[in-house]
Amino acid sequence: MASFPQQLLDGYRSFTTQRLPAEQSRYRELSVRGQSPEVMVIGCCDSRVSPEVIFDAGPGELFVMRNIANLVPIYQPDANAHGVSAALEFAVNVLHVKHIVVLGHAQCGGIRAFIDKAAPLSPGDFIGKWMAMFARPGEKVEQRDQETMQEFTVRIEKAAVFRSLENLMTFPFVKSAVERGEMILHGAYFGVAKGTLFVLDPATKEFKSAREP
């Protein structure tokens, strides 16, 4: 194990001596009856934005799907592989989650690469191709007059949450579950610097602080 990251070994050993003893019965129960989380979180791969940490979730409480810029593609039942779609299919049709939360965040590298029209990092340009799904065909995403770069970036980071929520409704099994009242879609935005969470108000279409009553 000489090449295995030492910080992970240290973290695991701390887990086994501190957290595991308090949650051992929970893990045993989950191993026997399987998982049954009520909430699916679609978040970003960014190492600073861990849903389990932000929501102080225990084992088995969240079904988490993370990707670049917390994007959900449109429903495409073709011959290609679709990781997000597969996770959605399992969460909705097998786990029967009651909530799906799209969690955006500040200082998102994927969003910044998109608005900066960054050069490909490799010949495959995987990030560029992935982020291209953010914009609809013919849609232009540009900085507004009198809008600072920071304001523009935050606006697009939040717009990514809206776009993913829209795209979720293109999945027939998601749409039908929502329309039957069996599942609710939510949007949220996390501020990395201060650890602030903002939740999308479906009535006003604005993000409001989760600390407010």
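Six strands make up an open sheet in the order 2-1-3-4-5-6, with mixed pairing; strands here are DSSP runs of E with at least two residues, helices are runs of H or I with at least four, and both are numbered from the N terminus. Two strands count as paired if DSSP finds at least two bridges between them. Strand 2 (62-67) and strand 6 (206-209) sit at the edges with a single partner strand each, so one side of each has no neighbour in the sheet. From one strand to the next, the twist averages 30 degrees. Strand 5 (residues 196-201) pairs with strand 6 in the antiparallel sense over four bridges, and Phe 198 stands opposite Ser 209 in strand 6.

This is a predicted model, where local features need pLDDT of at least 70, side-chain atom pairs count only at pLDDT 80 or more, and totals for chains, interfaces and linings use all residues. Residues are numbered from 1 along each chain as its sequence is written, and side-chain values use heavy atoms, leaving out hydrogens and water.

Now for helix 6 (residues 149-168). At 1.5 Å a residue, its 20 residues should span 28 Å (1.5 Å times one less than the number of residues), and the end C-alpha atoms are 29 Å apart, which agrees. Its buried residues include Phe 152, Ile 156 and Leu 165 (buried is under 20% relative accessible area, exposed over 50%, partly exposed in between, with a 1.4 Å probe and protein chains only).

Over in helix 1 (residues 6-33) is Leu 20, which counts as buried because its relative accessibility is 17%.

Key. Axes fitted to C-alpha atoms, helices over the stretch in contact; angles between N-to-C directions.
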